Amino acid sequence: MLFALFESSRSALASIFAHRLRSFLTTLGIIIGVASVIAVVSVTQGMSAFIGDTFASLGTNSLTIQSYTPFEDQMKGIRSRLTPEDLELIERRAEGIASITPILYANRSSQIKYGSQTAFSQIMGTTYAYQDVAQSYTQLGRFLAQPDNLTRRRIAVIGEDVRENLSLPENPVNEYVEIGGEWFKIVGLLDSMGDAMGMSRDDIVLVPYTTMVSLQGNQARTDIQIQLSLSDSAELEEVTTQLTTLLRNAHNLSSDEDDDFRIQTAEQLMEEFNQIIGMVTVVIGGIVGISLLVGGIGIMNIMLVSVTERTREIGICKAIGAKRHHILMQFLIEALLLSLLGGLIGLATGFGLGTLIANTIPGFPSATIPLWSIALALGFSGFVGVLFGILPAAKAANLDPIDALRYE
Amino acid sequence: MVLIQLQDITKYYEMGTQVVKALDGINIDVYKNDYLAFIGSSGSGKSTMLNILGCLDKPTNGQYHLNGTNVENLDQNQLSEIRNKEIGFIFQSFNLLPRADALGNVMQPLIYRNISVRKRKEMAIEALTRVGLSDRIDHLPNQLSGGQRQRVAIARALVTQPSILLADEPTGNLDSRTTTEIMQLFDELHGEGHTLIIVTHENEIARHCHRIIEMKDGTIFNDSAVEKGSKELIN
Ligand SMILES: Nc1ncnc2c1ncn2[C@@H]1O[C@H](COP(=O)(O)OP(=O)(O)O)[C@@H](O)[C@H]1O
Ligand SMILES: [Mg+2]
């Protein structure tokens with residue numbers, strides 16, 4: 001039996017390659033279907049693997065609080081804010097918090113200068129606690145310290161990319177850079193964190209929070225972000241509820257008003273991301289389903305043509321002793337191999353496309369194909385081949401030998 | 001020993017309102033090592049006869065016993081098996097598989113017997129050697145002359161060691177020299193103990209045979225053994 005399979009496969013391959021162009025065109029539907037699914041899967045898988053790592057490095061017990069303004073309010077010029085008072089309130093009243101730090105993004109210019117070099121970078125005002133919350137440590141020099149904030153010192157801790165962009169020396173500590181017209185002394189260089197979603201995480205300048213506040217001048221409009229990590233014994237839900245209550249009270253929200261802030265865990269961010277991936281997957285699944293269907297019909301069509309073309313051959317084989325299942329297997333295997341070949345070509349094309357996409361976008365995680373997607377792609381195309389191959393194969397197997405032999 | 005027994009075989013084709021009686025009440029016994037020719041004008045039912053003998057076609061009525069088996073009640077798969085075991089076909093148009101070389105063509109019927117490749121190859125080469133084509137085994141049909149193609153077809157018929165060889169106008173597409181060669185080969189095969197049934201409309205061919213059945217309008221017009229000395233009488 002196994003042997004007969006091998007035998008049939010060999011002659012099936014021979015007849016597929018005897019009509020190379022036709023076979024290729026026939027399998028195009030399957031090639032496109034499989035290629036698109038593999039391309040998307042390889043890119044999104046690379047992305048979610050990467051994002052998984054990123055969020056893991058953020059720590060599962062860290063929370064980010066941001067102000068949130070609904071779109072209609074934004075149109076009316078209303079802006080929700082998180083203020084230093086909110087931070088103070090949380091520091092004073094909330095329980096279960098290991099470290100907490102404000103982050104204030106530079107709202108005017110994020111230009112930074114060193115000598116004749118100018119670069120743009122993400123400049124954030126924060127505190128010593130940032131290193132625990134973000135798990136970001138220095139490789140040279142020191143991190144921001146508490147006294148820096150108390151005295152609003154003009155110091156900065158920079159990322160690897162900033163050092164490079166400004167052509168700072170290997171050890172930039174004690175060099176001076178200009179931010180917003182003020183001179184800042186570099187006290188530390190951060191460990192390299194690599195890229196995330198096409199953006200460098202090393203293109204970053206940290207200055208003391210209070211320094212940033214004074215740089216911005218107009219404190220009435222300050223909108224900060226708060227990052228905090230939970231202590232080991234704290235329950236995420238409890239802390240979240242507690243923070244919500246605290247902030248709602250502080251912002252004087254009545255019970256029918258929505259939160260004007262968002263408390264998010266790394267996991268929630270990841271979940272949101274996974275939801276998007278899931279939606280993309282469903283859409284792609286639909287596309288693939290349709291193209292596999294079209295591909296299957298193409299295969300059925302060409303197999304029917306092939307059966308007609310080879311009617312006489314079928315007659316000969318029957319005359320010299322082929323039984324129904326011999327002929328059936330012959331054509332079924334041909335349809336199966338045809339669509340499997342299409343699946344394989346699609347797999348290669350899809351992976352090539354995925355790699356191309358991943359490589360074209362700088363910092364994009366490299367494409368990965370999970371084994372299940374290979375199995376799924378080949379399984380599906382094989383299934384399509386068999387499903388749409390049955391009709392032509394049965395037609396061939398049921399031919400009357402004498403009619404088939406007489407066929408011109 | 002009786003190999004083939006036909007009793008009141010008829011084959012009717014309904015063409016609209018008209019019924020064509022391709023075979024009409026045929027009774028024949030064929031014995032082992034017979035060398036038999038069916039002759040008759042075109043349309044007299046020779047091919048229909050041979051197709052029924054070869055279990056490719058079923059008679060409308062009548063009984064057909066092949067090697068002791070009543071063929072009437074067999075289904076398509078069983079008929080395939082009978083054709084594979086008992087019958088070697090040789091067609092006018094050779095009917096070789098175009099994409100398989102000579103060896104592949106001769107090996108083909110053995111595939112349906114689940115014989116190992118090595119053994120199949122061995123048997124096929126032996127059969128090809130028997131018909132004098134041992135040096136052409138890797139040629140495709142379109143790389144062979146008509147006579148060589150027919151030899152491949154004969155090798156394919158021989159390789160299964162069937163009880164009967166059936167040939168329908170085997171030399172119809174061949175020139176006279178090749179025809180002589182092929183007929184010599186048939187004579188030899190008969191000498192080796194094979195049973196041969198040949199359909200032809202050429203007396204030249206029929207003359208090689210030892211029994212000649214002349215058909216007319218689906219019936220047997222004449223069935224006569226040919227004495228060696230009286231062969232010339234046919235002309
Ligand atoms: N499939 C068929 N359908 C209808 N008539 C047929 C068919 N096959 C053969 N016949 C008729 O049966 C008769 C015998 O045909 P055949 O056996 O081919 O004759 P021969 O081989 O002696 O020339 C002819 O009249 C032919 O037209
Ligand atoms: Mg005929």
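Student: Which element gives the largest share of the shell around ligand 1?

Tutor: That share, three residues, comes from α1(B), helices being DSSP runs of H or I with at least four residues and strands runs of E with at least two, numbered from the N terminus. This is a predicted model, in which local features need pLDDT of at least 70 and side-chain atom pairs count only at pLDDT 80 or more, while totals for chains, interfaces and linings use all residues. Residues are numbered from 1 along each chain as its sequence is written, chains are lettered from A and ligands numbered from 1 in the order in which they are written, and side-chain values use heavy atoms, without hydrogens and water.

Student: Why is the site of ligand 1 called shared between chains?

Tutor: A residue is near a molecule if one of its heavy atoms lies within 4 Å of it, and the residues that surround ligand 1 come from chains A and B, so the site is shared. The shell holds 13 residues, the closest being Gly43(B), Gly45(B), Lys46(B), Ser47(B) and Thr48(B).

Student: What makes the approach of Ser47(B) to ligand 1 a polar contact?

Tutor: The term requires a pair of N or O atoms within 3.5 Å; within protein, one must be able to donate a hydrogen and the other to accept it, and residues adjacent in sequence count only if both atoms are side-chain atoms. A polar side-chain atom of Ser47(B) lies 2.7 Å from an oxygen atom of ligand 1, and this pair therefore falls within the cut-off. From chain A, an N or O atom in the side chain of Arg406(A) is 3.2 Å from a nitrogen atom of the ligand, and a polar backbone atom of Gly45(B) is 3.1 Å from a ligand oxygen.

Student: Why is Ser8(A) called buried?

Tutor: Buried means under 20% relative accessible area, exposed over 50% and partly exposed in between, with a 1.4 Å probe and protein chains only; Ser8(A) has 10%, and is therefore buried. Ser8(A) belongs to helix α1 (residues 2-18) of chain A, and, leaving aside neighbours within four places in sequence, is in contact (heavy atoms within 4.5 Å) with Gln330(A) and Ile333(A).

Student: Which residues touch the most other members of the largest nonpolar core?

Tutor: A nonpolar core is a set of buried Ala, Val, Leu, Ile, Met, Phe, Trp, Tyr and Cys residues joined through side-chain atoms within 4.5 Å. In the largest one, of 71 residues, they are Ile4(B), Phe38(B), Leu53(B), Tyr64(B) and Ile197(B). Helix α12 (residues 324-360) of chain A gives this core its largest share, eight residues.
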